Amino acid sequence: MILSSLIFIPIIGMIIVMLLPKEKEDLIRYTAVGISIIPMLVSFWLTYDYFVNFSGSAAMAYMEGPFSWIPSLNVNYHLGVDGISVPMLALTGLLTTISLIASFSIKFRIKEYSAFFLLLEAGMMGVFVALDFFLFYVFWEIMLVPMYFLIGVWGGPRKEYAAIKFFLYTLFGSIFMLVAILIMYFTSDPHTLNMLELIEHGGTLSYTLQMVCFIFFFIAFAIKVPVWPFHTWLPDAHVQAPTAVSVILAAVLLKMGTYAMLRINWPMFPDALHSLSFWIALLGVIGIIYGALVSLAQKDLKKLVAYSSVSHMGYCMLALAAYSSTTAMAGVMFQMISHGLITGALFLMVGVLYDRAHTREIAAFGGLGAKLPVYTALMLMFSMAALGLPGMSGFVAEFMIFVGAFSQLNQYLVGISVLGVVLGAAYMLRMFQNVFLGEFNMAKWGHLTDINGRELLMVVPLAVLTLAVGIYPKPLTDLMSATLENLVQIMSR
Amino acid sequence: MTEHAYLIVLLPLFSFLTIVFALRWKEQVSAVFSVGMIATSLIMSIMVLIETLGHQGDYYAAAFSIVELGAFKLQLGMLIDPLTAMMLVVVTSIGTCVEIYSIGYMKDDPRFSRFFAYLSLFLFSMLGLVISDNFFMTFIFWELVGLTSYLLIGFWFEKKSAADACKKAFLTTRVGDLGFIVGLLMIMYYCGTFNYAEVFTMIGAGAVPSGIVTILAIGVFCGAVGKSAQFPLHAWLPDAMEGPTPVSAIVHSATMVAAGVYLVARTMSIFIASAEASMVVAVIGIATSLMAATIALVQVDIKRILAYSTISQLGYMIMALGLYGVDTANGHHSPGFYAGTFHLMTHAFFKSLLFMGAGSVIHAVHTNDIMEMGGLWKKMKYTAPVFLIGSLSIAGFPLTSGFFSKDEIVATTFGHPVFTVLTLLIAFMTAFYMWRLCFLTFFGEPRVAHRYEHAHESPNTMTYPLFFLAFMAIFAGWTGIPALKHGFASFVAHGEGYVPHADWVNYIVSSIVGLSGIGLAYLMYIKKSISADKIAEKFKPLYNLFWNKWYFDEIYQAAIIDPIMTFGRWMWTFDGKIIDGAVNGMATLTMWWADVKMWIDKWIIDGAVNGAGFIVRMAGSVLKYLQTGRMQFYLILSMILVIVMILLKFEIAHINIEWPSMTVIFIIAVLALSIASRFVSEDANQESENEK
Amino acid sequence: MVAYLSVAAVLFSLGLFGVLTRRNIIGILMSLELMFNAVNINLVAFNKFVWPGELTGQLFSLFIIVVAAAEAVVGLAIVLLLYRNWQDITNDNINVLKW
């Protein structure tokens with residue numbers, strides 16, 4: 001029940017929002033936020049309860065089903081969570097609420113906007129709890145629809161281009177996934193779509209078939225992550241999307257790719273994984289360095305953060321390649337969570353500035369530190385978190401990734417990837433200097449006001465979590481360790 | 001007390017948090033509060049030091065995990081040994097002085113409270129670094145001091161130079177951290193733990209291949225190179241002088257930059273295991289020291305001279321530690337370890353004294369250029385003497401701190417003649433440029449009148465800490481004098497006991513060297529019997545080289561920064577043109593393909609559909625004649641059909657016609673009949689009309 | 001048997017001839033009834049001589065009588081409507097379905 005409620009409360013909320021009169025904009029806003037708080041609290045409670053009761057074992061918890069859905073195809077309604085999905089659920093719940101609060105700056109068609117947002121939440125939650133391929137695929141695709149409209153209607157100047165690019169690109173990947181799912185379905189006996197059973201089944205496939213399925217799944221998920229060179233939809237989508245959508249996109253949607261790799265792609269095809277591990281790591285390292293270098297050349301704040309995502313997700317890929325190391329897998333999870341928190345917060349912060357200044361061009365600013373002290377302090381914190389300063393979640397993640405990757409992968413490759421640490425510092429500090437340090441242009445930016453209460457409400461929780469995870473990551477590792485160890489065993493079989 | 005040493009670290013953090021969240025607008029309160037906190041830390045540090053002096057060799061260690069994944073653990077912990085205890089006292093005492101000093105120095109600054117918050121945060125990080133018992137925790141605080149250094153250098157961020165400098169400092173040290181991280185990864189990989197004691201035991205036992213140890217040690221040393229501003233990553237430290245002077249005094253001379261030296265000392269066991277790595281350390285140290293000293297000879301910015309002097313002195317310490325590693329690895333005794341750490345301590349006192357004195361001077365004349373000063377001795381009754389004490393100490397004047405610690409370093413180099421010569425040369429240059437600075441600043445005639453007119457002595461909050469530091473600058477080194485049986489040495493010496501070292505010859509030689517440096521400066525800048533300009537003219541290329549800091553900034557800009565930025569822009573173009581171009585190209589290709597499909601659809605598929613329709617219409621135009629509208633005609637047709645079928649069925653007619661041709665014949669017959677009937681019916685119509 | 005069938009055949013031929021040659025629709029309908037009756041005779045005769053124990057043939061002929069009655073009703077109704085519209089019930093002139 002509890003997992004279903006995570007999916008269906010937003011859907012019910014969407015219906016409620018659609019029934020509200022269009023003119024009462026504030027009512028709609030508050031209703032949407034209010035509804036999204038419920039799944040957030042549920043996901044928090046779930047995390048806590050999981051931590052207390054289930055974190056010791058690797059088995060799926062809170063299983064629902066399998067309830068027969070389409071019997072002739074053996075499609076079931078089947079949900080369940082383990083140590084890698086629980087944190088993702090909490091992240092989704094938290095960031096949806098925060099994004100809805102951030103959406104108060106949306107000025108038209110608020111009803112449709114809120115409804116789409118809640119539908120999006122249902123889709124995201126669904127992906128993280130589904131244990132049936134059919135269900136997974138449905139949720140995976142459901143998300144595209146609201147996302148398409150959210151970018152395409154409420155976005156920036158080139159919104160149509162960005163929305164279509166995002167939609168088609170992701171759909172392109174989904175087709176590969178569908179084919180791979182069908183291969184898995186028809187090779188299993190009896191035909192099944194149950195992921196847990198297919199994980200057993202995948203290992204028995206022939207090498208060639210494993211490679212085909214692995215690569216097909218990989219393309220689908222890599223586009224979502226996005227792994228270099230499938231990343232070009234990301235800057236466009238991020239730059240054109242409204243702030244809240246960028247936040248969700250960066251904080252949750254990108255995580256689906258890595259989550260799905262960890263849940264499906266990696267454990268299902270061990271032989272293929274073992275032989276492709278080097279190339280995955282290589283893609284990861286290219287992503288790290290490349291994303292950082294391109295960030296260094298950016299003139300637009302949002303684009304910079306977007307390319308930094310490419311770099312950060314590169315770390316995830318690097319660690320994912322080190323499948324036999326629990327440390328690396330924990331690093332992946334930490335990087336996902338911390339990237340969700342930090343990049344989400346960075347997008348929020350950029351949005352705050354954009355709402356006031358109506359530009360995002362880095363060169364247009366300078367010396368804002370004098371006029372906006374609180375904003376600057378927060379931005380400094382998040383920039384430092386993004387460049388992997390110890391005491392913040394990003395550092396723990398990167399460190400575990402390096403340690404894990406170093407223990408398994410080509411050590412020269414990992415050595416090169418460490419360069420990303422310096423480049424990351426370079427682009428973040430360059431941005432920080434140009435925007436916040438230096439001479440303050442009173443005539444041009446004298447009217448800017450410091451961050452307000454509502455905006456603090458949305459970034460402070462992220463700041464607190466970033467610090468908490470960075471300073472004392474043990475609860476989170478304890479939550480995941482049993483699952484991860486089991487996963488590592490499956491992947492290295 | 002020792003088991004509660006973590007409080008020493010946490011008090012400044014508490015101070016930082018309180019100021020940020022509660023005392024931000026109450027300037028004096030926040031200053032007093034943070035001074036109170038660090039003073040408490042100082043008292044506790046002294047207690048820890050005393051306790052540590054009490055039980056020799058019995059060190060305290062404690063840890064708790066923040067990450068546990070099977071065998072992989074990340075821990076925070078503390079290790080109190082003599083080295084730690086000594087550093088705790090150094091950091092907290094200088095920290096207390098600097099904070100008191102800052103109350104005067106930073107007065108009227110709009111971000112007064114924030115300065116104290118930053119200082120507290122820095123002290124927290126620095127103390128955490130000192131107290132750490134494992135590589136991981138060291139690295140955490142290593143980076144945090146980097147952050148606070150960034151914040152403090154960029155404290156006056158409206159100045160472009162400050163904004164540039166803080167970024168440069170952070171990035172340059174991060175480059176060094178690259179090596180550090182790789183070193184850490186190798187430690188984790190080969191030892192499976194970060195804990196100092198465990199790692200040292202394993203490396204000492206030879207559990208790690210020696211080639212690996214060398215790489216690993218050099219990796220760790222890279223971190224020290226960045227943090228301690230050693231060649232080739234030294235370029236950030238002079239620029240870091242853009243920060244407020246108290247910051248330069250504590251962060252960029254006494255403590256943070258010494259962290260590199262501290263790290264090497266702390267991990268000495270690794271270097272002992274690899275003579276090659278130690279040799280690298282020693283060579284880098286001496287090279288840095290020499291280079292920085294030559295640059296300091298010609299600079300005119302008072303803080304930059306001190307900065308290069310800092311780099312030079314740090315090089316000294318690094319070299320001493322490196323030589324210790326080399327000698328120990330080769331089985332010789334060497335005083336290098338405590339020479340390095342001893343100099344680390346004495347240098348911390350006299351260099352922070354010099355910086356704060358310089359700050360006092362700058363406060364008075366509002367310029368950094370020593371060429372615009374002169375004759376300040378008369379105006380600054382307190383600052384000038386203490387500054388001179390500091391200069392005597394760094395120049396190695398007999399019986400000052402610097403004298404004793406420098407002698408230890410010189411003693412370390414015995415057995416390596418090249419190092420000895422260079423060390424003495426550097427000592428000579430140090431004495432010379434420090435006293436050049438003193439003579440130009442405090443003696444002679446005022447060179448710029450209006451600067452001199454406005455000069456004044458600094459407030460008490462600034463001068464009192466100077467007195468304390470001046471005291472330390474003379475007497476801190478006495479902990480290592482022969483009369484005390486080299487107390488410092490036997491205390492800190494890694495449990496190896498006391499080794500005979502610096503002797504009277506040693507003392508006399510280095511005294512002569514130091515005094516001759518001072519003397520040369522006297523001749524050139526007071527007596528003016530030797531013209532500085534003439535020498536500069538004579539060695540023009542060399543002078544230019546030193547004046548431009550060996551062109552390091554330019555080389556880095558041209559060889560590293562510009563290429564990376566250009567490469568970044570290329571990559572961006574590549575991203576837009578090639579990768580995104582491929583994506584968009586796919587889209588264009590799809591659109592083109594769609595056009596092709598549309599043509600096929602229009603002319604072939606749709607053509608087939610239309611063709612089918614056309615055929616049907618043609619057939620219809622023929623077959624329509626069957627539709628006579630006369631019921632009886634249809635009936636006749638069906639009757640004929642029935643008859644034919646009956647005939648065929650019973651083969652009555654014995655007609656042997658095949659089915660297809662029969663169908664054709666049948667259709668033709670029907671058509672003929674219908675056409676015929678049409679005329680018939682028309683006739684009938686006419687008849688009926690006629691009837692009417 | 002042959003006698004029954006012969007009568008039926010004669011009756012059928014009369015009906016057929018009538019259907020094909022009458023121009024008055026009412027005549028055609030009457031001829032149709034003749035053909036129905038011929039069929040009925042056939043059914044009853046076959047039932048009597050081929051499967052004497054059963055009633056299928058009789059049953060069928062009863063069905064046909066009922067259907068024929070209904071059909072006659074529909075047919076006459078159409079004729080009535082035709083007459084109302086055209087004032088004519090000669091089938092030659094009612095050829096609106098001709099192409």
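The following exercises, with worked solutions, concern a predicted model.

**Exercise 1.** Determine which secondary structure elements chain C holds, and how its radius of gyration stands against the globule rule.

*Solution.* 
Step 1. Chain C contains 3 helices and 0 strands.
Step 2. Along the sequence, these elements give the pattern α-α-α.
Step 3. For 99 residues the globule rule gives 13 Å, whereas the radius of gyration of chain C is 17 Å, well over that value; chain C is therefore more spread out than a compact globule.
Step 4. Along the principal axes, the C-alpha atoms of chain C fill a box of roughly 50 × 25 × 20 Å.

**Exercise 2.** State what percentage of the residues of chain C count as buried, and what percentage of the contacts join residues at least 24 apart.

*Solution.* 
Step 1. Buried residues make up 9% of the 99 residues of chain C.
Step 2. Taking contacts between residues at least 6 apart in sequence, 50% join residues at least 24 apart.

**Exercise 3.** Describe how helices H10 and H15 of chain B cross.

*Solution.* 
Step 1. Helix H10(B) covers residues 245-254 and helix H15(B) covers residues 336-365; their axes come within 8 Å and cross at roughly 160°.
Step 2. An angle over 145 degrees counts as roughly antiparallel, so H10(B) is roughly antiparallel to H15(B).
Step 3. The crossing is right-handed.
Step 4. The contact involves residues of H10(B), including Pro246(B), Ile250(B) and Ala254(B), and residues of H15(B), including Phe355(B), Met356(B) and Ile362(B).

Key: Residues are numbered from 1 along each chain as its sequence is written. Chains are lettered from A and ligands numbered from 1 in the order in which they are written. This is a predicted model: local features need pLDDT of at least 70, side-chain atom pairs count only at pLDDT 80 or more; totals for chains, interfaces and linings use all residues. Helices (H or I, at least four residues) and strands (E, at least two) are DSSP runs, numbered from the N terminus. The radius of gyration is taken over C-alpha atoms; the globule rule is 2.2 Å times the number of residues to the power 0.38. A residue is buried if 20 or more other C-beta atoms lie within 10 Å of its own, exposed if 12 or fewer, and partly exposed in between; C-beta atoms are placed from the backbone. Two residues are in contact if their C-beta atoms, placed from the backbone, lie within 7 Å. Axes are lines fitted to C-alpha atoms, for helices over the stretch in contact, and angles run from 0 to 180 degrees between N-to-C directions. Angles under 35 degrees count as roughly parallel, over 145 as roughly antiparallel, 65 to 115 as roughly perpendicular and the rest as oblique. A crossing is left-handed if the near helix is turned anticlockwise from the far one by less than a right angle, and right-handed if clockwise.
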